[in-house]
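Biologist: Could you walk me through this one slowly, as I am still new to reading structures?
Modeller: Gladly; let us look at the structure together and take the topics in turn.

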Number of protein chains: 2
Amino acid sequence: MVQLIALYRPPEDKDEFLRRYRLEHLPLAARMPGLMGMAAGPIEGVGLDLPYWFMATLDFPDRETLKASQSSPESRAARKALLAFADGLVDFAVREVEA
Amino acid sequence: MVQLIALYRPPEDKDEFLRRYRLEHLPLAARMPGLMGMAAGPIEGVGLDLPYWFMATLDFPDRETLKASQSSPESRAARKALLAFADGLVDFAVREVEA
């Protein structure tokens, strides 16, 4: 399995971020082709150094499916909706996970 | 479900880190009471800003189990083994995940 990880720095208005994430981004992200599972929510740093406050993980069966998904219309729509309120806040990473 | 997230900044010697993580830390971490599942591995940043290069997620049924686990002898041994080679590199966070 391959996981797309989105890590978000804190926005000025967290409630507004959460509202828009759930209403404007999540319904579109959920339609990304090949997506097997997804978990998103605030993370609480243990200690002082964590630059992020919210994380989403999106599960795909393999890299090829992830790559194809990311160039799909559904993915472009989800990304556009996300960047409307989270531009500059989000860093992305990918990891391999043993299913 | 509650997930303990460990995010690691890059060490000087990544091969040595991976070797010690797998041989010295992972077998101890796997014995933490209440641990339901675990995934650990390098993450590849997409873009330039990600300060981390390796992530582990440890799954527990709930916060009480995680809390009790973290004060167990198994957890203390795992943490001690980890900090012997990863002190100053790791940030921890916790998130709630819908099971």
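**A helix, an interface and a pocket**

Modeller: Arg19(A) and Glu16(A) both lie in helix H1 (residues 14-29) of chain A, where they are 3 residues apart, about one turn of the helix; helices (H or I, at least four residues) and strands (E, at least two) are DSSP runs, numbered from the N terminus. This is a predicted model, in which local features need pLDDT of at least 70 and side-chain atom pairs count only at pLDDT 80 or more, while totals for chains, interfaces and linings use all residues. Residues are numbered from 1 along each chain as its sequence is written, chains are lettered from A in the order in which they are written, and side-chain values use heavy atoms, with hydrogens and water left out.

Biologist: What do the side chains of Arg19(A) and Glu16(A) meet in?
Modeller: They meet in a salt bridge, at 3.2 Å from N to O; the term means a side-chain nitrogen of Lys or Arg within 4 Å of a carboxyl oxygen of Asp or Glu. Side chains of opposite charge can pair when their charged atoms come close.

Biologist: And how many salt bridges are there across the interface of chain B and chain A?
Modeller: The rule finds 2 there, and in one salt bridge the side chains of Glu44(B) and Arg63(A) meet at 2.7 Å, N to O.

Biologist: Which strands of chain B supply at least two residues each of the side that touches chain A?
Modeller: Strand S1 (2-8), S2, S3 and strand S4 (90-96) of chain B each do, and S2(B) gives the most, with 7 residues.

Biologist: New topic: how much space lies in the largest pocket?
Modeller: About 360 Å³. A pocket is an open set of points on a 1 Å grid over the protein atoms alone, where a 1.4 Å probe fits, with protein on both sides within 12 Å along at least five of seven lines, and lining residues have an atom within 4 Å of a point; the volume is the space filled by probe spheres set on the points, which are joined across faces, edges and corners.

Biologist: Which residues lie nearest its centre?
Modeller: Of the 22 residues that line the largest pocket, Gln3(A), Asp59(A), Met1(B), Gln3(B) and Asp59(B) lie nearest its centre.
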